[in-house]
Amino acid sequence: MSAIHLQNLVKKFGDFTALKTMDLAIADGEFMALLGPSGCGKSTTMNMIAGMEEPTSGKILFGERDMAGVPMGRRGVGFVFQNYAIFTHMSVRQNLAYGPKMRGAPKAEIDRRVSAIAEMLQLTPLLDRKADRLSVNILQRAAIGRSAIMEPAIFLLDEPLSNVDAAFRAVMRTELKQLQRQFRQTMVYVTHDQLEAMTMADRIAVMDHGVLQQVGTPLEVYNNPANVFVARFIGAPGMNLLRGRPAESDRGLVIDLGPLGVTPPLPAEIAAAVRRAQGDVLYGFRPEQAALVKHGQGLSLPVTFVERIGARTIVHLGQGESAVKAVFDNDVGLAIGQTAVVAPAAQSVRVFEATTGIAMKAG
Ligand SMILES: Nc1ncnc2c1ncn2[C@@H]1O[C@H](COP(=O)(O)OP(=O)(O)OP(=O)(O)O)[C@@H](O)[C@H]1O
């Protein structure tokens with residue numbers, strides 16, 4: 001019943017198409033993140049699932065049931081927004097109890113459910129505080145509790161952590177995931193923060209400009225991006241992409257990167273796909289998968305900047321179209337102005353068509 005199917009879903013605002021023909025199947029009990037930059041259509045999609053917006057065309061099914069014309073209050077969804085929806089004149093307890101009370105639940109059951117949810121969200125010591133005395137962090141926690149207490153089969157969260165501070169966000173990521181595991185709800189979670197999507201979601205739907213770009217597990221979208229948008233958007237920093245032209249060499253198929261020289265030979269399965277293609281390609285590899293190698297064995301580039309973030313070091317190499325980043329787990333002792341020679345781990349190399357941006361895959 002609580003699987004969600006979006007079929008050919010389109011949303012237009014006047015002449016502007018906010019969502020272009022979205023097809024997405026979210027399984028019962030799945031945690032799906034809708035991830036993408038601002039304005040990509042995440043909230044529009046969510047608002048249609050919630051019943052706050054009507055689709056221009058296409059269908060939304062909950063299980064087998066078509067939601068066309070079903071008002072928000074009848075969809076059985078819980079919804080938490082970026083801005084906490086809390087009654088500030090009430091205590092935390094009264095806020096949590098509000099939904100079950102409106103439904104006419106007996107007092108003993110309300111008390112039991114309020115205690116359980118308060119315990120789960122670490123709100124127990126704050127139950128009798130008035131909401132207007134609470135920090136933004138705690139207010140958002142109470143707002144999540146207020147929706148979760150209704151045990152909706154479908155729980156929709158739209159950027160619920162974007163106003164809370166960074167340390168609290170880390171705590172809430174774990175708690176939300178635990179909450180979902182416990183209730184086994186279908187959860188749809190809108191975020192522009194890939195860390196939230198990567199750490200919590202079973203699968204991620206990556207969107208851009210109203211178009212669904214890829215759906216996959218966090219590792220799938222990280223390891224095998226469907227196109228250059230996903231390659232750049234996922235990962236911090238995103239994937240390195242260098243323009244070049246396939247060329248045969250005595251060691252196998254390589255990519256001629258012009259002034260940067262030629263790449264190491266491509267792994268056989270990627271080489272087969274690249275041989276079938278025509279024109280320029282983008283040679284991609286993750287900054288975390290670059291190693292420092294000896295001269296002549298990789299791409300030789302000047303160091304332009306070095307960022308140290310705790311134990312991690314991000315080394316910026318080259319400029320303009322030849323710019324590359326490499327991430328190391330230690331201080332590799334490189335300084336601005338030096339030359340570094342980097343090579344990606346062979347199995348991590350990905351190649352994309354330059355004109356369409358689509359990943360070239362084996363098979
Ligand atoms: N009611 C509306 N009328 C006109 N345009 C709208 C309306 N709602 C959204 N849009 C436009 O549709 C596009 C998608 O908006 P949406 O809010 O879904 O994006 P988003 O990915 O959730 O981004 P954000 O994180 O900034 O909210 C944007 O260009 C937005 O300006």
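Tutor: Phe31, Ala33 and Leu35 point one way from strand 3, Met32 and Leu34 point the other way, and all of them are buried. A residue is called buried if 20 or more other C-beta atoms lie within 10 Å of its own, exposed if 12 or fewer, and partly exposed in between, with C-beta atoms placed from the backbone. Helices (H or I, at least four residues) and strands (E, at least two) are DSSP runs numbered from the N terminus. The model is a predicted one, in which local features need pLDDT of at least 70 and side-chain atom pairs count only at pLDDT 80 or more, while totals for chains, interfaces and linings use all residues. Residue numbers start from 1 along each chain as its sequence is written.

In the protein chain as a whole, 40% of the 363 residues count as buried.

Next, the pairing, where two strands pair if DSSP finds at least two bridges between them. Strand 3 runs parallel to strand 8 (residues 186-191), and 5 bridges join the two. Within this pairing, leucine 34 is opposite valine 190 of strand 8. Strand 9 (residues 203-208) also runs parallel to strand 3, joined to it by 4 bridges. Here leucine 35 is opposite valine 206 of strand 9.

Elsewhere in the chain there is an open sheet of 5 strands with antiparallel pairing, in the order 14-18-15-16-17. Strand 14 (290-292) and strand 17 (324-328) are at its edges with a single partner strand each, so one side of each has no neighbour in the sheet. Strand 14 pairs with strand 18 (residues 339-344) in the antiparallel sense over 3 bridges. Leucine 292 has valine 342 in strand 18 as its bridge partner.

Of the contacts between residues at least 6 apart in sequence, 64% join residues at least 24 apart, a contact being two residues whose C-beta atoms, placed from the backbone, lie within 7 Å.
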